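The entries below follow the order in which I went through them.

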Amino acid sequence: MRRQISDAASSLVSSRLSFAAAIVHLCCCARPSGDRDVLLGLGALGASATLMTARRAGADPIATPDISTCGPADLPPGANVLTCCPPPSNALPVDFAPPGAASSPLRTRPAAHSVTADYVAKFNAGIAAMKALPADDPRSFAAQASVHCAYCDGSYSPEGFPGVELQVHNSWLFFPFHRCYLYFFERILGSLIGDPSFAIPFWNWDAPDGMRMPAMYTDRSSQLFDPRRDGRHAPPKLIDLDYSGREPRFTDNQQIDHNLRVMYRQMVSLSPTPSLFFGSAYRAGDEPNQGPGPVENIPHGPVHIWCGDPNQPGREDMGNFYSSGNDPLFYAHHANIDRMWSVWKGLDARRHTDLNDPDWLGASFLFYDETPKLVRIRVRDVLDTGALRYRYQDVPLQWRAARPTVTAAATRRADSLLTPAAQAADAKKAGKLPITLEEAASVAVKRPVAGRRSKAEKASREEVLVIDGIEVDRDVAAKFDVFVNAEDHAAVGSGGRELAGSFVNVPHRHGHGHGKKGRGIKTTLRLALNEQLEDLKAEGDESVEVILVPRQGKGKVKVGGVRIELMH
């Protein structure tokens, strides 16, 4: 490690950075413990003691990648992308400065289904202007689409960790990275049409009025249209927020009810604390895919797959991370994901707060702004949408009243996705873990507490079902559902309380030479149980029965372990 630090210092100095700046860089990026004395030794060469103590012991935020080291992404066969790397910059990145209220009007992002014809015309003009720019202009639509590919398909390594893949999905980076991405995309679009007040729309798929693909994106003559979508899902088809690659046999009213209960489960039942809502910690030097939060899993993943074209080899565009930025609908989808962050904080101002971990707050990314210059932006810069000068149109949250209900064990739902033969099949008892999910498998899991817990105990510590060692090929669209104490999981309908949650993998690949060999990911699913155990009247049970049911990618997902933990 001493040699690594020495090499890093030499490299930075040769890049015409001051030696003091090199020390700051090392203080931010070097590993803790035994290497700290090396940094102190470097300090004796002239850097101030203040710089030496700036780095909190043990802090290792994901650091800004060097775009000059951007490598080829690992793309599916037939991918129509030559590179995911951004245009090079001759200048060093500048640190992000929030826009002032005097120079930047407050932008209101509207619900896509409610916009006017004038708004649609202006939005079309903005996208057309971006598409008209040459691909080597970082403000172009092509360059902006490639941002997602580079950060999501392994073109980068975190600064200081060559050979380790940088991945902004399946961890606590998911929400802040995409907020940064949309922020710069929106600023670029507004500048090209000369309207700094213009705000991109959000696809309001969590509300009944917004559960169809917004009409402005389905006009074939529009700049917002993408031919690589699933034609079966054009309006008036309602979206299935829990989509697993099979068309549900729901009436419209059933589909709406299903979607509202999905939203309640993901936003309320499974998101009681910041650590569960945002996803697992991901620090410098970690392998990627530490574990997604509930919203990243669902509805984020199923909406991607529902939109992608099943006739394309990788379900392009929306159905694959490398290509999803090519569809203008992507930005409306992620605007609503970003809105969920704001909505979640408003549901419980006391408990629903941003994380305060310095490794999260200090994580950073690089984007080009509208000028265009290269900007380094950190998570701490984007916690307040007001400071970023945007907000969302207020719309009703009908899902807040859609708490899942316990399913009568003897009742089979006519709207089940399973065939009668599948409904009759019982989940097989899982043998020794790990197991490959060829079919439904059940396992008895001991709870970490005996008997009922008080309201105060439940408020301070959440029982969390942890399914770890999840392994799946990155190219595979995969989904499995997790049931608790379901006597007949096939009888559990749209909003059944026995459904604890789901794991979803949206296809993506990783960069050549990054991470471990192979194209698989290994990750963890964490599902909050307090509310579910209460509704199932299982708070006094010593153990629960957990059933894992593959829905998509059968036989291609492995599970290493299942346990229950207490988490703050």
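I took helices (H or I, at least four residues) and strands (E, at least two) as DSSP runs, numbered from the N terminus. The model is predicted, so I noted its limits: local features need pLDDT of at least 70, side-chain atom pairs count only at pLDDT 80 or more, and totals for chains, interfaces and linings use all residues. Residues are numbered from 1 along each chain as its sequence is written, and side-chain values use heavy atoms, with hydrogens and water left out.

**Entry: whole chain**

I listed 16 helices and 15 strands for the chain. For burial I used relative accessible area: buried is under 20%, exposed is over 50%, and partly exposed lies in between (1.4 Å probe, protein chains only). On that scale 58% of the 568 residues count as buried. Contact means heavy atoms within 4.5 Å. Among contacts between residues at least 6 apart in sequence, 78% join residues at least 24 apart.

**Entry: cis peptides**

I found a cis peptide bond joining Pro 235 and Pro 236, with omega about 15°. Pro 236 sits in the loop between α7 and α8. The bond from Glu 316 to Asp 317 is also cis, and its omega is near 0°. Asp 317 is in the loop between α10 and α11.

In the loop between α7 and α8 I also looked up Ser 244. Ser 244 counts as buried because its relative accessibility is 4%. Its C-alpha atom is separated by 7.9 Å from that of Ala 478, 234 residues apart along the chain.

**Entry: helix α10**

α10 bends by about 30° at His 300, and Pro 302 follows within four residues. Because 14 of its 14 residues are buried, α10 is largely enclosed by the rest of the structure.

Phe 141, Val 147 and Tyr 151 are among the buried ones. What covers them includes α5 (117–132), α7 (174–192), α11 (321–324), α12 (329–347) and β3 (364–368). Just after α6, Gly 154 takes a positive phi of about 85°.

I then searched for spaces on a 1 Å grid over the protein atoms alone: a cavity is a set of points where a 1.4 Å probe fits but cannot get out, a pocket is an open set with protein on both sides within 12 Å along at least five of seven lines, and lining residues have an atom within 4 Å of a point. Grid points are joined across faces, edges and corners, and a volume is the space filled by probe spheres set on the points.

I counted 9 cavities of 30 Å³ or more. The second largest cavity holds about 130 Å³. Its lining has 15 residues, and those closest to its centre are Pro 86, Val 147, Leu 366, Phe 367 and Tyr 368. α6 and β3 are the elements that give two or more residues to this lining, and α6 gives the largest share, 5 residues. For classes, Ala, Val, Leu, Ile, Met, Phe, Trp, Tyr, Cys and Pro count as nonpolar, Asp, Glu, Lys and Arg as charged, and the others, Gly among them, as polar. The lining has 14 nonpolar, 1 polar and no charged residues.

**Entry: second largest pocket**

The second largest pocket contains about 470 Å³ of space. Val 268, Pro 272, Arg 351, Glu 462 and Glu 531 are the closest to its centre of the 19 lining residues. α8 (252–269) supplies the largest share, 4 residues. By class I have 6 nonpolar, 4 polar and 9 charged residues in this lining.

**Entry: positive phi**

Arg 389 is not a glycine but has a positive phi of about 70°. Arg 389 counts as buried, because its relative accessibility is 17%. Lys 537, also not a glycine, has a positive phi of about 55°. Lys 537 counts as exposed, because its relative accessibility is 68%.

Terms used: The bend at a residue is the angle between axes fitted to the seven residues ending there and the seven starting there.
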